[in-house]
Amino acid sequence: MKGWTNYHSHTHYCDGKGTAEEYISRAVELGMISYGISSHAPTPFTWPWTMKREAMSDYFTDIQDCKAKYLGIIDVYSSLEVDFIPGVISVNSDWIVDADLDYSIGSVHFVDSFADGTPWEIDGASKVFDDGLQSIFGGDAKAAVQRYFALTRQMIQEAPPTIVGHLDKIKMQNANGLLFNENDRWYQKEIVETLEAVKGKGLMLEINTRGLYKKKTTTSYPSPWIFRYLKDMSIPIMINSDSHHTQEMTGFFSETAEQLVSAGLTQVMVLLNNDWQEGRLTVDGIEV
Ligand SMILES: [Zn+2]
Ligand SMILES: [Zn+2]
């Protein structure tokens, strides 16, 4: 069997555009071998891009219907992309545990909060990013970035998800290197320490292509210079698109696979028959 997989995609229940059925029928057209739906999990506070708590049962019913309809055609899995905010939400929150997911994606989109308690979203509008950087961190980009990675490590230790989402997403705010330089020793130390935490907990890490096809970044999350650490540490990976639309499902997969393969990363994790197994990565798909 050969084809792509994608375990990170958002439906209309959060800020995505498609239904689970639209994603899965398109995945079949694309010859994909396994597919996971992962809308943004409900947060205890109201937020524009998270799923409403009361929509959860319909969300899971839609995925269950796809599992049944496409049985024997494509493996379909149910997940959520779950935020980590200490004491507020994590994969250990009761409404996430009760959902009995096939796997979870853990992501940090919020770093601390404004004086009025509003969480600071680090992957949204640059105006919001700049406001939080000034008012929470006094304009100290290094301190803000270090806090982002410290929270990511705290998530890994205290509430480990199946897959760590977009490891260095905060770099989307760093166009033209305005805030920091990925070559800086302190930055590379944050990355390596965070990877060591991933390795220590035995988690998987996604190679997320969304920044590329949305033209927010010129590199995947994480950046290609990090691939050699993934290889040296033998951290299990997969390519995910973080699609919010059916047109984005395999965006920049071939290009990213080419970079991974040339870095010596030729094994990716595939969820088949409810079991994570290794597949062989090539530039035009995964062989299992
Ligand atoms: Zn995310
Ligand atoms: Zn996402």
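Biologist: Why is H166 called buried?

Modeller: This is a predicted model. Buried means under 20% relative accessible area, and H166 has 0% relative accessibility, so H166 counts as buried.

Biologist: What makes E81 buried?

Modeller: The cut-off is again under 20%. E81 has 1% relative accessibility and therefore counts as buried.

Biologist: How do you know which residues coordinate the zinc ion (ligand 1)?

Modeller: Donors are N, O and S atoms within 2.8 Å of the metal. E81 (OE), H109 (NE2) and H166 (NE2) coordinate this ion at 2.1 to 2.2 Å, so they meet that limit. Along the chain their spacing is E-x27-H-x56-H. E81 sits in strand β4 (residues 75-83), while H166 is in the loop between β8 (163-164) and α6 (185-201), 85 residues apart.

Biologist: Which residues are the protein donors of the zinc ion (ligand 2)?

Modeller: H8 (NE2), H10 (NE2), E81 (OE) and D242 (OD), at 2.1 to 2.2 Å. E81 bridges this ion and the zinc ion (ligand 1), and the two ions lie 3.4 Å apart.

Biologist: Why is the arrangement around the zinc ion (ligand 2) called irregular?

Modeller: Four donors count as tetrahedral if all angles lie between 85 and 135 degrees. Here the four donor atoms subtend angles of 81 to 172°, which makes the arrangement irregular.

Biologist: What makes H10 and D242 a link between parts of the chain?

Modeller: H10 lies in the loop between β2 (5-6) and α1 (20-29), and D242 in the loop between β10 (237-240) and α9 (253-262), so the pair ties together parts 232 residues apart in sequence. Both H10 and D242 are buried.

Conventions
Residues are numbered from 1 along each chain as its sequence is written. Chains are lettered from A and ligands numbered from 1 in the order in which they are written. This is a predicted model: local features need pLDDT of at least 70, side-chain atom pairs count only at pLDDT 80 or more; totals for chains, interfaces and linings use all residues. Side-chain values use heavy atoms; hydrogens and water are left out. Donors are N, O and S atoms within 2.8 Å of the metal (3.2 Å for Na, K and Ca); water is not among the atoms, so sites may look incomplete. Helices (H or I, at least four residues) and strands (E, at least two) are DSSP runs, numbered from the N terminus. Buried means under 20% relative accessible area, exposed over 50%, partly exposed in between (1.4 Å probe, protein chains only). Four donors count as tetrahedral if all angles lie between 85 and 135 degrees; four count as square planar and six as octahedral if opposite donors are over 155 degrees apart and all others between 65 and 115; anything else is irregular.
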